Amino acid sequence: MDSAVVGLIGTVVGAVSGVLGTLATTRLGGTEQRRTQRGQSEREGRSIAYSNLVNECSRTYRIGYAAHVAVQAVPGVQRSPHLADSLAGFRPAVDTALEAVSLVRLHGPDKVARAANNLASAMTRWCCEVEDLYDGQGDEQRASEAIELYEEMEERFLTLGRETLSPELVR
């Protein structure tokens, strides 16, 4: 073979391998970029869902606490005529917070979704206990335990949410 033909073959092989290498690098870089963008999008979705739940829980806590204090039986003291108004906002606030729980369950991960479910259960139980107190059928001890459980479940959710969103900050 002539040295010119060998040189031409070498040039063609070099050019093809260069093009293939560039294509492979571009493909791998694009895949990594899509993975990074997907991860950022998931983190942003979780952050929004978690903060929405925390906001709704804070609002529900304020409303629920006011209703709880208002229905507590004080011997010899007549109930306020505005008691029903205090209690009326509690159930809708719980319902709104339960909608926020659904978004957290959608975004996960499983341990955070379970914590949100536990928080929802504790919130609902507390609301029921306060409603029972209002109806004269409740027990103050059970209502107090319900609010304590709610506070514990809220703290558990906050901890898991922080760990999920920023694991490096928790350590």
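Modeller: One term before we start: a crossing is called left-handed if the near helix is turned anticlockwise from the far one by less than a right angle, and right-handed if clockwise. By that rule, H4 passes H5 in a left-handed crossing. Keep in mind that this is a predicted model.

Colleague: Noted. How many helices and strands are there in the protein chain?

Modeller: The protein chain has 6 helices and 0 strands. Read from the N terminus, the order is α-α-α-α-α-α.

Colleague: And what share of the residues counts as buried?

Modeller: 26% of the 171 residues.

Colleague: Back to H4 and H5. At what angle do their axes cross?

Modeller: Roughly 160 degrees, and the axes come within 8 Å. Angles over 145 degrees count as roughly antiparallel, and H4 and H5 are therefore roughly antiparallel to each other.

Colleague: What span should H4 have, given its residues?

Modeller: H4 covers residues 110–134, which is 25 residues. At 1.5 Å a residue it should span 36 Å, and its end C-alpha atoms are 36 Å apart, so the two agree.

Colleague: What comes just after H4?

Modeller: Gly 136, with a positive phi of about 80 degrees. For context, most residues other than glycine have a negative phi.

Colleague: Let's talk charges. How many salt bridges are found in the whole structure?

Modeller: The search finds 5. In general, side chains of opposite charge can pair when their charged atoms come close.

Colleague: Which residue does Lys 111 pair with?

Modeller: Glu 163, with the closest N and O atoms 4.0 Å apart. Lys 111 sits in helix H4 and Glu 163 in helix H5 (residues 140–165), so the pair links distant parts of the chain, 52 residues apart.

Colleague: What does Arg 142 meet in a salt bridge?

Modeller: Glu 129, at 3.4 Å from N to O. Arg 142 lies in helix H5 and Glu 129 in helix H4, so this pair ties together parts that are 13 residues apart in sequence.

Colleague: How accessible is Glu 129?

Modeller: Glu 129 has 9% relative accessibility, so it counts as buried. The cut-off for that is under 20%.

Colleague: What about Arg 162?

Modeller: Arg 162 forms a salt bridge with Glu 155, and their closest N and O atoms are 3.8 Å apart. Arg 162 is partly exposed at 46%. Glu 155 is partly exposed at 42%.

Colleague: Switching to H3. Which of its residues are buried?

Modeller: Phe 90, Ala 93, Val 94, Ala 97, Ala 100, Val 101 and Val 104. Down the axis of H3, these fall within an arc of 120 degrees, so they line one face of the helix.

Colleague: Why does that spacing put residues on one side?

Modeller: An α-helix has 3.6 residues a turn, so residues three or four places apart point the same way.

Colleague: And which residues are exposed on the other side of H3?

Modeller: Glu 99 and Leu 106.

Colleague: How far does H3 reach?

Modeller: H3 runs over residues 90–107, 18 residues, and reaches 26 Å from its first C-alpha to its last. That is close to the 26 Å expected at 1.5 Å a residue.

Colleague: What follows H3?

Modeller: Gly 108, with a positive phi near 65 degrees. The peptide bond from Gly 108 to Pro 109 is cis, with omega near -5 degrees. Most peptide bonds are trans. Pro 109 is in the loop between H3 and H4.

Colleague: Last one. Where does Ala 84 lie?

Modeller: In helix H2, residues 83–88. Ala 84 counts as partly exposed, at 36% relative accessibility. The C-alpha atoms of Ala 84 and Tyr 134 are separated by 8.4 Å, though the two are 50 residues apart along the chain.

Notes: Residues are numbered from 1 along each chain as its sequence is written. This is a predicted model: local features need pLDDT of at least 70, side-chain atom pairs count only at pLDDT 80 or more; totals for chains, interfaces and linings use all residues. Side-chain values use heavy atoms; hydrogens and water are left out. Helices (H or I, at least four residues) and strands (E, at least two) are DSSP runs, numbered from the N terminus. The expected span of a helix is 1.5 Å times one less than its number of residues. Buried means under 20% relative accessible area, exposed over 50%, partly exposed in between (1.4 Å probe, protein chains only). The arc is that of the directions from the helix axis to the C-beta atoms. A salt bridge is a side-chain nitrogen of Lys or Arg within 4 Å of a carboxyl oxygen of Asp or Glu. Axes are lines fitted to C-alpha atoms, for helices over the stretch in contact, and angles run from 0 to 180 degrees between N-to-C directions. Angles under 35 degrees count as roughly parallel, over 145 as roughly antiparallel, 65 to 115 as roughly perpendicular and the rest as oblique.
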